Amino acid sequence: MPGLQEETEKGRLHMSRQRVTAIITACNAERYIARAIDSALNQTLGPVHVIVVDDGSSDGTSAVITSYGDRVKPIRLRENSGPAVGRTTGLMKCTTEFVAFLDSDDYWMPTFVEETLRFLDTHPEVIAVNT
């Protein structure tokens with residue numbers, strides 16, 4: 001959208017408001033959830049709003065998620081309901097223009113959001129992107 005981005009002194013785009021929410025669903029992902037969350041929070045173009053849905057984990061996943069404090073919005077489901085329910089639950093809490101799903105055992109390269117938004121901004125006819 002015009003007016004939402006401006007060039008910084010390093011030549012990178014800078015967001016003037018959150019446009020992207022990362023929804024991460026996790027079940028018993030204590031060992032690797034931090035890498036997924038960190039990759040969403042450390043994008044070259046941000047800020048990125050991060051929602052993490054703990055899908056009934058019985059390990060320390062919830063503790064890892066809450067250790068991020070107000071940098072992520074945690075949602076805890078009482079029992080495992082599967083990734084579709086977790087994603088839908090997170091989606092219901094979104095307020096940003098775009099949503100990106102990130103699996104708890106995956107991570108984004110630092111420029112993922114920047115490159116995706118650049119593509120979407122230059123192709124307004126596109127309503128969805130899949131990588």
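**Reading the salt bridges**

The structure, a predicted model, holds five salt bridges.

Colleague: Happy to look at this with you! What counts as a salt bridge here?

Modeller: Look for a side-chain nitrogen of Lys or Arg within 4 Å of a carboxyl oxygen of Asp or Glu. Take Glu97 and Arg19: their closest N and O atoms are 2.9 Å apart. This pair links distant parts of the chain, 78 residues apart. Glu97 sits in the loop between helix 3 (83–91) and strand 6 (98–103), and Arg19 in the loop between strand 2 (13–15) and strand 3 (20–26).

Colleague: Is Arg19 buried or exposed?

Modeller: The cut-off for buried is under 20% relative accessible area. Arg19, at 1%, is therefore buried, while Glu97 is partly exposed at 32%.

Colleague: Which parts does the salt bridge between Arg76 and Asp54 tie together?

Modeller: Here the closest N and O atoms are 2.7 Å apart. Arg76 belongs to strand 5 (residues 73–77) and Asp54 to strand 4 (residues 48–55), so the pair ties together parts 22 residues apart in sequence. Asp54 is buried, with a relative accessible area of 2%; Arg76 is partly exposed, at 46%.

Colleague: And how many residues apart are Arg118 and Glu114 in helix 4?

Modeller: Four, which means about one helical turn separates them in helix 4 (residues 112–122). Arg118 is partly exposed at 37%, and Glu114 is buried at 8%.

Colleague: Which residues are joined into one network?

Modeller: Arg19, Glu97 and Asp121, through salt bridges that share partners.

Note on methods
Residues are numbered from 1 along each chain as its sequence is written. This is a predicted model: local features need pLDDT of at least 70, side-chain atom pairs count only at pLDDT 80 or more; totals for chains, interfaces and linings use all residues. Side-chain values use heavy atoms; hydrogens and water are left out. Helices (H or I, at least four residues) and strands (E, at least two) are DSSP runs, numbered from the N terminus. Buried means under 20% relative accessible area, exposed over 50%, partly exposed in between (1.4 Å probe, protein chains only).
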